[in-house]
Amino acid sequence: MASPSLRSPSSPHWGAEPVGIARTVLGDRPTSELGAVNYHEHLFQVSPVLAGDELDDERLSSIEAGLLRASGFSTMIDATPLGLGRRADAIARISIETGLHVIASTGAHREAHYPDGHWIRELDENSLAALFTADIDSGMDGTEVRAGQIKTGIGYWSISMFERRVLAAAATAHRSTGVPIMVHLEHGSAALEVVNLLAADGVSSDAVVLAHVDRNPDPVLHAELAAAGAYLGYDGFARSKIYPDSVLIDCAARAIELGAGERIVIGGDVARRTRYIAYGGMPGLQYLGDRILPRLGAALGGPAIQLITVANPARLLSIRA
Ligand SMILES: [Zn+2]
């Protein structure tokens, strides 16, 4: 089961952090109530890029969310944006059933997830910004369930015209709503470049979390990104066919030595039905809490785990004034 350090606040930083407000699917909550946060999973996701790996069964996704909760996390960010099978009403029901706080996403993924002619690719920047803002202010998909972050994505060392529009619209929606922006980085590439691009659009770098930055396990780069203010999304455990999880644990340890401790957040981004226990796959959403957090705790120490799982995501998720 989960490391005891998950449940026992011990960091000298804990308590010194100002309490913010995060927008969960069941309403706005003080960030002090979020507890340990898994910064990146998916309860529902349907994409042509992940054919055969659809997450589309409410009962099974709810069981999987329960496994995540039992592994020690009390909050997760659902990173499925518009047009990919997101189900606002079902996410809210799962949150009620499991007791897991969920922060849902508006925004759009990288272009490859949307086939030619997909409605979202037809929207101009202003229409995208209006849609993102309405999801955050009023509710998603005709419900009153509101999004608490804006998802964006880019390609491998590339930003398409659509992805550029989404980033600009995300910046506009962020400036109006104050919720953070998540950027999907393909293989961890173009991290500093996209942080700089968003900064030019008026987004403070400390409102940006870089998903999959650990696919490029370069602790010096990570320290540079952290120094720029951006949050580092470590979510590649049990994902690489090339290197073991120890590479990511060692990378986190070195990045922390280099000053990135207040910027790392962790998630599983398991994201595929063939890897969800409830759908008949493995290793499941509990892998992070059960298998990785104890190892991270041994490598980094309890105070660092408290930062990574509690204090850092609380700061990230706080709605900016
Ligand atoms: Zn994801």
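Predicted model: local features only at pLDDT ≥ 70, side-chain atom pairs only at ≥ 80, totals over all residues.
Q: Which residues coordinate the zinc ion?
A: Start with the donor rule: N, O and S atoms within 2.8 Å of the metal count (3.2 Å for Na, K and Ca), and since water is not among the atoms, sites may look incomplete. Here the donors to zinc are His-40 (NE2), His-42 (NE2) and Asp-269 (OD), at 2.1 to 2.2 Å. Their sequence spacing reads H-x1-H-x226-D.

Q: Which parts of the chain does the pair His-42 and Asp-269 tie together?
A: Elements first: helices (H or I, at least four residues) and strands (E, at least two) are DSSP runs numbered from the N terminus. His-42 sits in the loop between strand E3 (37–41) and helix H1 (58–70), while Asp-269 sits in the loop between strand E11 (264–266) and helix H8 (287–300), so the pair links parts 227 residues apart in sequence.

Q: Is Asp-269 buried or exposed?
A: The scale goes like this: buried is under 20% relative accessible area, exposed is over 50%, and partly exposed is in between (1.4 Å probe, protein chains only). Asp-269 has 5% relative accessibility, so it counts as buried. Its phi is near 40 degrees, a positive value in a residue other than glycine. Ala-238 also has a positive phi, near 60 degrees, but Ala-238 is partly exposed at 34%.

Q: How do I read the sheet with E3, and what is its strand order?
A: Two strands pair if DSSP finds at least two bridges between them. This open sheet has three strands in the order E3-E4-E5, with parallel pairing. E3 and strand E5 (101–103) are the edges, each pairing on one side only. Strand E4 (residues 75–78) is joined to E5 by three bridges, and Thr-75 stands opposite His-101 in E5.

Q: Which residues have the most contacts inside the largest nonpolar core?
A: In soluble globular proteins, nonpolar side chains tend to be buried together. A nonpolar core is a set of buried Ala, Val, Leu, Ile, Met, Phe, Trp, Tyr and Cys residues joined through side-chain atoms within 4.5 Å. The largest one has 83 residues, and Leu-210, Tyr-234, Phe-237, Ile-266 and Leu-296 have the most contacts inside it. Helix H4 (residues 161–177) gives the most to this core, with seven residues. Apart from it lies another core of 14 residues, including Ile-77 and Leu-316.

Q: What span should H4 have?
A: The expected span is 1.5 Å times one less than the number of residues. For the 17 residues of H4 that gives 24 Å, and its end C-alpha atoms are 24 Å apart, which agrees. Among the buried residues of H4 are Phe-162, Val-166 and His-174. What covers the buried residues includes helix H3 (125–137) and strand E7 (149–153), where contact means heavy atoms within 4.5 Å.

Q: Where is the cis peptide bond?
A: Check omega: the bond from Met-282 to Pro-283 is cis, with omega near 10 degrees. Pro-283 lies in the loop between E11 and H8.

Definitions and conventions
Residues numbered from 1 in each chain as written. Heavy atoms only, no water.
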